[in-house]
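Open your viewer and get ready to click along. We will visit a few spots one after another, and at each stop you will hear what to select.

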Amino acid sequence: MPEKMISHYDVIIAGSGSIGAPAAFYLAQAGCKVLVLDGAPSVGQGSNKRAIGGVRATHSDPAKIRLCLRSIEIFRTWQEIYGEDIEWITGGYNFVAYRPEEEQTLKTLLVKQKSLGLNIDWYAKDDLLKIVPGLNPANLLGGTYSPEDGNCSPLLALHAFYVHACQAGAAFHYNEPVTGLVIQSGKIKGVQTAHGEYAADVVINAAGAWARSIGLMAGLDLPVNPDCHEAGITESVAQFLGPMVVDIRPGPGSANFYFYQHKTGQIIFCITPSPSIWGFDVDETSIFLPQIARRMIAVMPKLQTIRVRRTWRGLYPMTPDGTPIVGWSKEVEGLLNAVGMCGQGFMLGPGMGELLTRMVVKQLTPEDGEVLEILSPYREFKGQEKLK
Ligand SMILES: Cc1cc2nc3c(=O)[nH]c(=O)nc-3n(C[C@H](O)[C@H](O)[C@H](O)COP(=O)(O)OP(=O)(O)OC[C@H]3O[C@@H](n4cnc5c(N)ncnc54)[C@H](O)[C@@H]3O)c2cc1C
């Protein structure tokens with residue numbers, strides 16, 4: 001080990017966010033010596049704390065479905081196994097259809113989702129209104145409902161992963177971003193920070209919307225771009241809404257929007273801008289709230305009297321096809337990219353943390369092989385995930 005190298009780790013993770021923190025926990029549990037480096041002052045301060053906490057397995061891509069089914073299991077049983085209340089609720093997801101176009105899209109997806117073993121069904125208007133009584137019945141055609149999906153607190157969940165990762169022996173260094181990779185003869189040797197160099201056999205790039213800059217340190221141009229999304233939270237009211245309601249109808253300036261009631265009573269909501277807003281700007285705008293308020297009240301009229309407490313903006317680490325990029329670098333041995341989580345990094349985190357661990361300790365299952373083929377950094381990036 002060169003003299004200036006401070007310590008040697010089995011695995012160094014760049015980024016302690018939705019992916020890095022669970023990965024640190026599962027790697028440390030598997031016996032690896034782990035160091036997590038992050039430029040932020042504490043866990044989950046990148047996109048993770050800006051996520052609204054939706055967790056679903058109801059995707060159209062088998063890789064995300066497999067990973068999220070496992071994440072749901074981990075979130076759902078977390079308190080029972082590890083003790084912390086991460087505010088999990090198995091509230092389900094409801095995609096609504098107010099036009100034949102959306103009914104057709106959702107019903108087509110349903111065939112695939114059911115063939116992949118998901119618990120999801122189509123409910124015609126009257127049956128759907130029994131599940132989500134607050135929906136505007138005018139022009140409602142019906143919708144899908146997947147009762148096993150849910151939601152929890154991204155901050156509480158990441159903090160819980162952090163605490164248990166520390167207990168399992170992982171080290172976390174905050175206010176210490178990775179500034180360079182140490183590579184010799186095409187092999188990763190460690191990382192550089194303002195404090196010096198740390199040696200490692202494996203480096204995991206889990207730097208979210210900033211992952212491209214880590215890739216460039218190894219000469220890789222990973223197609224991950226920051227995509228600005230806004231969200232908000234209301235005052236707390238008595239429980240009246242079970243599932244996350246998702247409306248995939250495009251509207252002026254937006255592609256879709258979604259909202260749910262958190263365990264603590266607040267409605268938390270989010271919109272997908274259209275066209276996308278690229279860049280690292282996380283200042284909230286004056287456009288977002290009137291835009292989403294109109295759309296939410298149209299779908300659920302009783303929300304017109306609820307008071308909004310706060311809005312915020314964060315970044316989706318987007319890829320060209322809306323699917324994450326996960327795999328070993330062919331160019332630099334020992335560099336593992338787990339990037340481009342798009343709008344689903346929080347829900348992918350626990351399942352992905354376990355997958356990354358199996359990759360590092362070389363205990364992949366045949367199913368992992370299929371998942372990794374879909375997420376391969378070397379795929380063609382054609383097509384689009386339907387429910388991204
Ligand atoms: C408004 C909004 C709502 C969302 N809602 C949901 C939702 O309901 N469900 C869901 O699953 N997802 C949701 N998301 C998406 C989710 O937040 C992201 O997909 C996820 O957080 C990405 O995880 P990550 O670990 O890749 O990145 P992050 O959680 O951002 O972690 C990356 C970390 O890398 C660190 N970093 C950056 N550069 C360096 C460096 N050089 N060295 C070391 N560390 C570095 C950052 O500080 C950060 O902590 C939402 C996002 C937004 C903005």
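Begin with the second largest pocket, whose lining holds eight nonpolar, four polar and four charged residues. In this scheme Ala, Val, Leu, Ile, Met, Phe, Trp, Tyr, Cys and Pro are nonpolar, Asp, Glu, Lys and Arg are charged, and the others, Gly among them, are polar.

Before going further, note that this is a predicted model: local features need pLDDT of at least 70, side-chain atom pairs count only at pLDDT 80 or more, and totals for chains, interfaces and linings use all residues. Residues are numbered from 1 along each chain as its sequence is written, and side-chain values use heavy atoms, with hydrogens and water left out.

Now select P154, L155, I233, I268 and W312: of the 16 lining residues, these are the closest to the centre of the pocket. Its volume is about 320 Å³. Helices (H or I, at least four residues) and strands (E, at least two) are DSSP runs, numbered from the N terminus.

**The ligand**

Next, select the ligand. Which residues come nearest to it? Of the 37 residues around the ligand, they are S18, D38, S47, C342 and M347; a residue counts as near if one of its heavy atoms lies within 4 Å.

Zoom in on the polar backbone atoms. One of M347 is 2.7 Å from an oxygen atom of the ligand, one of V178 is 2.9 Å from a ligand nitrogen atom, and one of G53 is 3.3 Å from a ligand oxygen atom.

**A loop residue**

Jump to T58, in the loop between β3 (54–55) and α2 (62–82). Is T58 buried or exposed? T58 counts as buried because its relative accessibility is 2%; buried means under 20% relative accessible area (1.4 Å probe, protein chains only). Show D149 as well: its side chain makes a polar contact with the side chain of T58 (2.8 Å).

**A covered helix**

Finish at helix α1 (residues 20–29), where nine of the ten residues are buried. Among them are P22, F25, Y26 and L27. Just after α1, click G31, which takes a positive phi of about 100°.

Notes:
A polar contact is a pair of N or O atoms within 3.5 Å; within protein, one must be able to donate a hydrogen and the other to accept it, and residues adjacent in sequence count only if both atoms are side-chain atoms. On a 1 Å grid over the protein atoms alone, a cavity is a set of points where a 1.4 Å probe fits but cannot get out, and a pocket is an open set with protein on both sides within 12 Å along at least five of seven lines; lining residues have an atom within 4 Å of a point. Grid points are joined across faces, edges and corners, and a volume is the space filled by probe spheres set on the points. Buried means under 20% relative accessible area, exposed over 50%, partly exposed in between (1.4 Å probe, protein chains only).
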